[in-house]
Amino acid sequence: KYVIALYETRDKIIWAGTYWGVSRFPKSALAFDYFGLQRNITGAMSEDASGALWVFTADAGLYWISPDRTTAILYESIGNPDKQQPLSIKDTWSLSIAIDVNGWLWLTTDGHGLILFAPRTGEYKHYTSAEDDRIPSDVMYHVSQGPDGRMWLGTDSGVLVIDPRSG
């Protein structure tokens with residue numbers, strides 16, 4: 001019940017984000033099995049180049065699930081403390097995740113603008129309409145990467161296109 005997001009990984013497993021966590025539907029299964037996470041409401045998901053799964057929850061933050069699916073690490077905040085103040089993402093609702101050509105996670109949010117996160121360095125960039133004229137709204141519904149590498153974002157005020165190679 002109450003499936004919020006669906007994602008198919010490269011190994012053809014369907015992941016379902018629900019109000020009670022994450023379930024998965026392996027190729028050979030007849031039903032979903034509960035994968036479980038520490039917290040509940042699970043939304044956006046995306047798989048990185050290594051095969052790790054990134055899962056955003058409404059009340060906990062961002063999970064990294066290892067490629068072999070044996071380890072889950074929760075990020076309640078992001079940021080490299082040597083370079084910037086941590087950004088709490090614990091109570092941020094991300095509606096969509098995409099990973100760009102540079103390996104940055106693009107997290108659209110429901111009212112908190114756009115968050116970019118580089119897992120390798122821990123750095124982040126946070127864009128809001130109050131601080132960046134290019135951002136038409138802080139409510140962003142979807143992000144996906146086009147074939148040319150540009151990132152397409154759907155907001156409640158229209159479409160935004162950003163080239164991650166040029167900022």
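This report describes the overall build of one protein chain and then turns to some of its residues.

**The chain as a whole**

The structure is a predicted model, and its chain contains 17 strands and zero helices. The C-alpha trace spans about 50 × 35 × 30 Å along its principal axes. Of the 167 residues, 46% count as buried, and the chain exposes about 8,600 Å², of which carbon and sulfur atoms supply 51%. When contacts between residues at least 6 apart in sequence are considered, 36% of them join residues that are at least 24 apart. The charged side chains comprise 14 positive and 20 negative ones, and the centres of these two sets lie 6 Å apart.

In soluble globular proteins, nonpolar side chains tend to be buried together. In this chain, the largest nonpolar core has 14 residues, and those with the most contacts inside it are Phe56, Leu62, Ile78, Ile89, Ile97, Leu105 and Phe117. Two or more residues of this core come from each of strand E6 (53–57), strand E11 (94–99), strand E12 (105–109) and strand E13. Apart from it lies another core, of 13 residues, which includes Trp104, Trp106, Val143 and Leu153.

Ile97 shows how such a residue is surrounded: when residues up to four places away in sequence are not counted, Ile97 touches Ala44, Met45, Ser46, Trp54, Phe56, Leu62, Leu105, Trp106, Leu107 and Val143.

Leu107 has its place in strand E12, while Leu114 lies in strand E13, which runs over residues 114–117. Leu107 counts as buried because its relative accessibility is 0%, and Leu114 is likewise buried, with a relative accessible area of 0%. Leaving aside neighbours within four places in sequence, Leu107 is in contact with Phe56, Ser94, Ser96, Ile97, Gly113, Leu114 and Ile115. With the corresponding neighbours left aside, the contacts of Leu114 are Trp106, Leu107, Lys125, His126, Tyr127, Met140, Leu153 and Ile162.

| Pair | Separation in sequence | C-alpha to C-alpha distance |
|---|---|---|
| Leu107 and Tyr127 | 20 residues | 11 Å |
| Leu114 and Ser129 | 15 residues | 9.2 Å |

**Two loop residues with positive phi**

Most residues other than glycine have a negative phi. Lys12, however, has a phi near 70 degrees, which is a positive value in a residue other than glycine, and Lys12 lies in the loop between strand E1 (3–8) and strand E2 (14–18). Arg69 also has a positive phi, of about 65 degrees, although it is not a glycine. This arginine is found in the loop between strand E7 (62–65) and strand E8 (72–75). Although Arg69 belongs to a loop, Arg69 counts as buried because its relative accessibility is 12%, and buried means under 20% relative accessible area.

Notes. Residues are numbered from 1 along each chain as its sequence is written. This is a predicted model: local features need pLDDT of at least 70, side-chain atom pairs count only at pLDDT 80 or more; totals for chains, interfaces and linings use all residues. Side-chain values use heavy atoms; hydrogens and water are left out. Helices (H or I, at least four residues) and strands (E, at least two) are DSSP runs, numbered from the N terminus. Buried means under 20% relative accessible area, exposed over 50%, partly exposed in between (1.4 Å probe, protein chains only). Contact means heavy atoms within 4.5 Å. Accessible areas come from the Shrake-Rupley method with a 1.4 Å probe; for residues, only the protein chains shown count as cover. Lys and Arg count as positive and Asp and Glu as negative; His and the chain ends are not counted. The place of a charge is taken as NZ of Lys, CZ of Arg, CG of Asp or CD of Glu. A nonpolar core is a set of buried Ala, Val, Leu, Ile, Met, Phe, Trp, Tyr and Cys residues joined through side-chain atoms within 4.5 Å.
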